[in-house]
Amino acid sequence: MPTIVLRTTSTDEHFNGDCDYGAVEMATPLVTLCLRRIGRLRKAKKGDPDLFEMYYWDQSVVFFSWSDDLIEREDTEFEDEVDRVLADQGVYVSRTRIQIPEQHIQRVECVQMVVRDDAVAWTAIPKHSDVYVTTHEISVQQLREMAAAGGSVAEAQGRSSGTAAAEVR
């Protein structure tokens with residue numbers, strides 16, 4: 001089961017509650033759910049063109065602070081790749097599950113999946129604050145590739161169709 005690490009932004013440029021990143025385990029049921037919700041949004045927009053995005057209560061993301069000890073490998077090329085990809089694209093797709101150590105996970109409330117026409121993201125309020133942090137988006141294209149591979153990112157490279165993606169046209 002792949003883990004996607006997403007860079008975050010905050011409504012306060014000086015404070016993010018140590019929620020530097022969000023991590024989501026993209027199992028097939030979650031990928032299917034994301035695509036289905038995007039399809040629902042698109043259908044609802046046909047009846048109400050002023051609809052921009054929809055929010056769902058969702059606990060599938062963990063927000064965490066970055067630290068060198070997160071990567072338990074001595075592979076500095078891997079760590080450099082993660083840093084580069086997150087800095088450039090805002091999204092790092094791991095081929096395997098990444099376990100975030102408990103001490104790095106930040107306490108948040110009001111966690112929601114943000115569904116847009118062409119992507120999903122997550123937003124939350126760090127505990128004891130009045131700011132929102134929001135992850136970078138996972139695009140429909142990335143979701144379709146994961147759906148086509150049954151949630152396996154390694155198999156999804158280069159593929160862009162699948163049964164779960166059929167609802168999102």
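How many bridges join E1 to E5, and in which sense do the two strands run? There are 3 bridges, and the strands run antiparallel. Two strands count as paired if DSSP finds at least two bridges between them.

Before going on, a word on the source. This is a predicted model, in which local features need pLDDT of at least 70 and side-chain atom pairs count only at pLDDT 80 or more, while totals for chains, interfaces and linings use all residues. Residues are numbered from 1 along each chain as its sequence is written, and side-chain values use heavy atoms, with hydrogens and water left out.

Now the overall picture. The chain has 4 helices and 9 strands; helices (H or I, at least four residues) and strands (E, at least two) are DSSP runs, numbered from the N terminus. In order from the N terminus, the elements are β-β-α-β-β-α-β-β-β-β-β-α-α. Of the 169 residues in the chain, 45% are buried. Buried means under 20% relative accessible area, exposed means over 50%, and partly exposed is in between, with a 1.4 Å probe and protein chains only. The accessible surface of the chain is about 9,300 Å², and 46% of that belongs to carbon and sulfur atoms. Those areas come from the Shrake-Rupley method with a 1.4 Å probe; for residues, only the protein chains shown count as cover. Among contacts with a separation of 6 or more, 62% are between residues 24 or more positions apart, where contact means heavy atoms within 4.5 Å.

Back to strand E1, residues 3-10. E1 pairs with E2 in the antiparallel sense over 5 bridges, and Thr3 has Glu25 of E2 as its bridge partner. On the E5 side, Leu6 is partnered by Val91. E1 is also joined to E8, again antiparallel, by 3 bridges, with Val133 of E8 as the partner of Ser10.

Next, the charged pairs. The whole structure holds 6 salt bridges, each a side-chain nitrogen of Lys or Arg within 4 Å of a carboxyl oxygen of Asp or Glu.

Glu25, the partner of Thr3, makes a salt bridge with Arg97, the closest N and O atoms being 2.6 Å apart. This pair links distant parts of the chain: Glu25 is in strand E2 (residues 21-25), Arg97 is in the loop between strand E5 (91-93) and strand E6 (108-116), and they are 72 residues apart. Glu25 is partly exposed at 27% relative accessible area, and Arg97 is partly exposed at 47%.

Where does Arg37 sit? It is in helix H1, residues 28-47. Arg37 is buried, with a relative accessible area of 12%. Beyond its neighbours within four places in sequence, Arg37 contacts Tyr56, Asp58, Met113 and Val115. With Asp58 the side chain of Arg37 forms a salt bridge, 3.9 Å from N to O. Asp58 lies in the loop between strand E3 (54-57) and strand E4 (61-64) and Arg37 in helix H1, so the pair ties together parts 21 residues apart in sequence. Both Asp58 and Arg37 are buried.

Glu109 and Lys127 form another salt bridge, with the closest N and O atoms 3.4 Å apart. Here Glu109 is in strand E6 and Lys127 in the loop between strand E7 (119-126) and strand E8 (133-135), 18 residues apart. Glu109 is partly exposed at 31%, as is Lys127 at 32%.

Last, Glu53, Arg116 and Glu137 are linked in a network of salt bridges.
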